[in-house]
Amino acid sequence: MGARAASRQWSNALFVAPYLIAYLCLLIFPLVSGMGLSLFKADLFGGREFVGLENFARLFKDTVFLQSVANTFYFVLLTVPPLTVIPLFLALLLNRSDRTAAIFRGVFFSSSVLSVTIVTLIWRMILMTEGGLAANIRHAMGFDAIPFLSDPNLVMISMAIITVWWCLGLPMMLYLSALQQVPQDIYEAAELDNSGWFRTLWSITLPALSRTVILVAIFQCVLQFQLFGQPQLITQGGPNGASRPIVLFIFEVGFRRWDIGYAAAASQILFGIILLATLIQYFVTSRKQVSS
Amino acid sequence: MKKLLLAVALLALGSCSEKSEVTEISVQRIFGECRANVPKGQPPLRNPDGECEIVTQILDDFEKRNPDIRLKVNIAPWPGYDQLSAQYAAGDPPDVVTMHMSVMPDFVSRGLIEPLDADFAKVGLDVNNFTPAARNGVTVKGHVYGMPFDNWTQLWHINMGLFQKAGLVRDGQPILPHSPDELLAQARQFKQATGLPYLLQPTDNERAAFTRNIYTYLLDQNAVFFPDNKHIRLDTPEARRIVELFRQIYAEGLMAPAQDYPAAMAAFLNGQGGICMVGTWMIGAFEAEANTPGRPLSAGYAVRPYPMLYGGKQTAYVDGHAWVMPRRERTPEQRAAVIRLMKFLQQRDYDWSRTGHLPTQADIARSPQYLGLPHRDGIVALATVGQTLPAGVERQIAIQDIIGDEMASAITGHKPVAQALKDAEHRVNDLLFHVL
């Protein structure tokens, strides 16, 4: 009987097998083979020569790579807090069942369905110094255009504005679904206790949403470390390398120079950074939860 | 069970059909998408001398005349190598693809494109009719690896109406500088008279243009900037002279700031600058504008090779487009279809040269039909005096990106000129050192 039950349990694995096989083939295998590749000097289409950790040593001396790492961190700092907080406010405002709220939910989510090509096309027309919408408005007011895309101090802020506009929708939906799971009777009890709006928000809503806030922050962190399409299409990493993130560096090295061993080494560093940032965030937030 | 078997048998029989007589080949090209301008089977509705319009029409025409071949056309964004590299990496390159001549040695060195001498001989595609520049461009290690489509270079496209206003026209010809000092003086004179920048050139989101400028003016000074195939020399007085000149032009507002490629082209079309430094491919589009009454360019449009500023003989950095056949599995019919397409493209060299590109077929380059096209007599010599980078230098596109990146930083004032040149030299040499 025991053996039968055990065999039945093993056969249950068949249900998850398709996913596991796809996961192993499409994620784990490329990850491990990328780690191996980072130890080689390798050409995209040809030879391969074992160099140990030389690619990593090269990276730590490569000023272009180091600048791309700094750019990426700056971008994450610029985007993750707004992408965690703004959708929360939007969700709190739009968590109603009337038609106006439904329309605005649609409006705020609509940007998320656009491809990066369309998003960059739209924002290029807004931000470009010559003939862009923002420049035309400034000119009409008698001011000079702001060089959003050609000033090294402004270009990453511009990328952040574009990204926040583009990515607001999904976290807002996550917050909305979390809000709809907070039991109504708690709110009713709070109302009976004569609790004000802010008190209810602080003591009931936000604690109930804390897991979703962590989820959104971690999710956005992972996503924004992988910035690529916006600078690739709008600035090619310029001016003066100020908008070149790590993924664009990897792309240039791997596909333009065909130096895939070096690109793989940079990918491992990006992987390590994302993993570390996610773990730190997770442990800090879960410790806070335990202590509270 | 019987019913199931019957259903399977019927399904299998239903799926059998007569073998298709049409051979499909995948064609990948750059030059943009313009199907809206070129409805199938019709001449272009507008911009008939544009690159995209002409190549679209040529490929449509090929399909019409060869009903046994179907072209599956894929349009890649310029320069097309990111996509092509990914396709190779995935084992699925197209059957035929456009490729810059400067890039061909990279692909030949890895055995990624096929030599075509034997196939060309078989169908009578005469390689002896290629112009010398074209023949050199597609020949690697003694074999022809592509069907040359054109040679191109950067040119000075001039708004003659604005030049007239600035007093820079003599006997109907534009007055051009012969030294850096003359260039600065004429640019200042132009700006004072018109209130507009003398030069228009993409400065944002652009790498190639600055690199081509520096190559041309290094050649003007007879500088040997590739002492061998594995090293570049850019931290030199010759290079500093060029970059400092462009830096000064930019700093004085003699070049329009903060323009990307479309913005710079639009600015020239709208009469917002005197000279547009862009390639041969824009002649057709600009000429069409010049022939449209009421447009800013209708007051006059001229094209000249880059004027030599450092006393050298007329030269220019040139490159070219070719059609090549990636190495992949294909049927003999598909291979034959690719070669037929290449022969057809050779026969349409005149049509393609209407874009402004230099022809690759010697008979076309000499023909009154070609020389009768606007501005061609002034630039055709570049097919002879133009120079490419040494054929053994690999990764020319990546090198172009690095130099363009650093030059843009220096010229727009984000980095000191000397530092940018030093960084460019270091980055290129590092790249070449690590090429396997």
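Two strands pair if DSSP finds at least two bridges between them. Helices (H or I, at least four residues) and strands (E, at least two) are DSSP runs, numbered from the N terminus.

1. Ground rules. This is a predicted model, in which local features need pLDDT of at least 70, side-chain atom pairs count only at pLDDT 80 or more, and totals for chains, interfaces and linings use all residues. Residues are numbered from 1 along each chain as its sequence is written, while chains are lettered from A and ligands numbered from 1 in the order in which they are written.

2. Strand β1 of chain B. Start with β1(B), residues 23-29. Its partner β2(B), residues 69-75, runs parallel to β1(B) over seven bridges. Here R29(B) stands opposite I75(B). β1(B) also runs parallel to β3(B), residues 96-100, joined by two bridges. In that pairing, V96(B) of β3(B) is the bridge partner of V27(B). Six of the seven residues of β1(B) are buried (20 or more other C-beta atoms within 10 Å of their own; exposed means 12 or fewer, partly exposed in between; C-beta atoms are placed from the backbone).

3. The helix between the strands. The 15 residues of α2(B) reach 21 Å from first C-alpha to last, close to the 21 Å expected at 1.5 Å a residue. That expected span is 1.5 Å times one less than the number of residues. Its buried residues include E51(B), C52(B) and E53(B). The buried residues of α2(B) pack against β1 and α14 (349-353) of chain B.

4. Two domains in chain B. Domain 1 covers 22-152 + 319-387, and domain 2 covers 154-317 + 391-433. The bounds come from an automatic or database domain assignment. Taken over C-alpha atoms, the domain centres are 27 Å apart. Contact (C-beta atoms, placed from the backbone, within 7 Å) involves 25 residues of domain 1 and 23 residues of domain 2. On the domain 1 side, α4(B) supplies the largest share, three residues. By class, that side has ten nonpolar, eleven polar and four charged residues. Nonpolar means Ala, Val, Leu, Ile, Met, Phe, Trp, Tyr, Cys and Pro; charged means Asp, Glu, Lys and Arg; the others, Gly among them, are polar.

5. The contact between chains. Chain B gives 28 residues to the contact and chain A gives 25 residues. On the chain B side, α3 (81-89), α11 (261-269) and α19 (396-411) each give two or more residues. α19(B) gives the most, with six residues. The chain B side has twelve nonpolar, seven polar and nine charged residues.

6. Backbone points to check. Most residues other than glycine have a negative phi, and most peptide bonds are trans. The bond joining G238(A) and P239(A) is cis, with omega about -10 degrees. P239(A) is in the loop between α11 (229-234) and α12 (246-256) of chain A. N240(A) lies in the loop between α11 and α12 of chain A, and its phi is positive, near 55 degrees. N240(A) counts as buried because it has 22 C-beta neighbours inside 10 Å.

7. Chain B has its own cases. The peptide bond from W78(B) to P79(B) is cis, with omega near -5 degrees. P79(B) is in the loop between β2 and α3 of chain B. K141(B) has a positive phi, near 50 degrees. K141(B) lies in the loop between β4 (139-140) and β5 (143-144) of chain B. With 10 other C-beta atoms within 10 Å, K141(B) is exposed.

Terms used:
Contact = placed C-beta atoms within 7 Å.
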